[in-house]
Amino acid sequence: MSLKYKKMILFITMWIMGIGMLTISFQKPEEAKSVPANANVASKATASPTQGITAIATNTPTPIPTATPIPEDPTKLKKCDNPKINQLIETFYQAMLDCDEETLTSIITDTSVIDIEKIAKTHEYIEAYDNFVCYTKPGVKEGDYVVYLTYDIKITTIETYSPSLDRCYVTKEGDSYLIVYNNFDHIIDKLMKDYDESDDIKELLAQVKENLKKAQESDSDLNDFINNLTSYIEKSNSSKNNSESEQKESKESKKQD
């Protein structure tokens, strides 16, 4: 495999996510049945010398039943309409591309996890990000969000942009929003993994994969790049799994001895 593919391996999780990825209906009230114009009158008023005027009887209206609305799923994926979050995401990705440590420091929660050298390597063959669309699900506390974003990546020497999908965790501190970068606690990590298995995220992932497939079909260079990278990922994962299995067997063997 060429050097550029190997250098790109650190970046793969930002455009190929290994994530598994409600229609609310309101029943209309039944329309009231039409009532004849004279239905309210049971009898006409009459008078006699020995009998007073009889009261006019009326029908008591029957209440029209109304359907109970189905409550909306609070975790349903929604397109982000918060300009602060949308701007934060775009600023973050541009700062990653520019290796802008000062900007990154100002928009993430833990500056100790910033590794500019690693960031530079993962972006060595990335020219640009474009067409960001952000979607949100609620985070672990009020004001926090798990942000799923679709966007396009321009890879050096390849004309066609690669449709991509990623997710970030955004937390609110005061009036500002910050990105929790590379340092998730187990609660946040579990929440995001659960969301990854939800139907709406699977649907979003399927759409991005379909867009990527169309892009590959239109550009042989992009197709070769994706196929080579996918093959490399599969081999790396296989090698990692074999190594972990061997280590586990070795530990069990030592325990028995």
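Helix α5, residues 186-196, lies across strands β2, β3 and β4 (162-173), and runs at about 70° to β3. Helix α6, residues 199-218, also packs on the sheet, where it touches β2, β3 and β4; the direction of α6 makes about 145° with that of β4. The model is a predicted one. The chain holds seven helices and five strands, and 32% of its 257 residues count as buried.

**Overall make-up**

- Read from the N terminus, the elements follow the order α-β-α-α-α-β-β-β-β-α-α-α.
- The accessible surface of the chain is about 16,800 Å², and carbon and sulfur atoms account for 49% of that area.

**The sheet**

- Five strands form an open sheet in the order β1-β2-β3-β4-β5, and their pairing is antiparallel.
- The edges are β1 (78-79) and β5 (176-180), each of which pairs on one side only.
- Strands β2 (residues 126-138) and β3 (residues 145-155) are joined by 10 bridges in the antiparallel sense.
- Tyr 135 has Tyr 148, in β3, as its bridge partner.

- Helix α2 covers residues 83-98, which is 16 residues.
- The N-terminal end of α2 is capped by Asn 82: one of its side-chain oxygens lies 2.9 Å from the backbone nitrogen of Lys 84.
- Just after α2, Cys 99 has a positive phi of about 55°.
- The buried residues of α2 are Ile 85, Leu 88, Ile 89, Phe 92, Tyr 93, Ala 95, Met 96 and Leu 97.
- An α-helix has 3.6 residues a turn, so residues three or four places apart point the same way.
- The cover over the buried residues of α2 includes the helices α3 (101-107) and α4 (116-122). Strands β2, β3, β4 and β5 are also among the elements that cover them.

- Asn 131 is not a glycine, yet its phi is positive, at about 60°. This residue is found in strand β2.
- The relative accessibility of Asn 131 is 47%, so the residue counts as partly exposed; the cut-off for exposed is over 50%.
- Thr 157 is another residue other than glycine with a positive phi, here near 75°. Thr 157 lies in the loop between β3 and β4.
- Thr 157 has 56% relative accessibility and therefore counts as exposed.

**Asn 223 in helix α7**

- Asn 223 lies in helix α7, which takes in residues 220-256.
- With a relative accessibility of 24%, Asn 223 counts as partly exposed, since buried means under 20%.
- Asn 223 and Leu 212 are 11 residues apart in sequence, and their C-alpha atoms are 9.3 Å apart in space.

Definitions and conventions. Residues are numbered from 1 along each chain as its sequence is written. This is a predicted model: local features need pLDDT of at least 70, side-chain atom pairs count only at pLDDT 80 or more; totals for chains, interfaces and linings use all residues. Side-chain values use heavy atoms; hydrogens and water are left out. Two strands pair if DSSP finds at least two bridges between them. Helices (H or I, at least four residues) and strands (E, at least two) are DSSP runs, numbered from the N terminus. Contact means heavy atoms within 4.5 Å. Axes are lines fitted to C-alpha atoms, for helices over the stretch in contact, and angles run from 0 to 180 degrees between N-to-C directions. Buried means under 20% relative accessible area, exposed over 50%, partly exposed in between (1.4 Å probe, protein chains only). The expected span of a helix is 1.5 Å times one less than its number of residues. A polar contact is a pair of N or O atoms within 3.5 Å; within protein, one must be able to donate a hydrogen and the other to accept it, and residues adjacent in sequence count only if both atoms are side-chain atoms. Accessible areas come from the Shrake-Rupley method with a 1.4 Å probe; for residues, only the protein chains shown count as cover.
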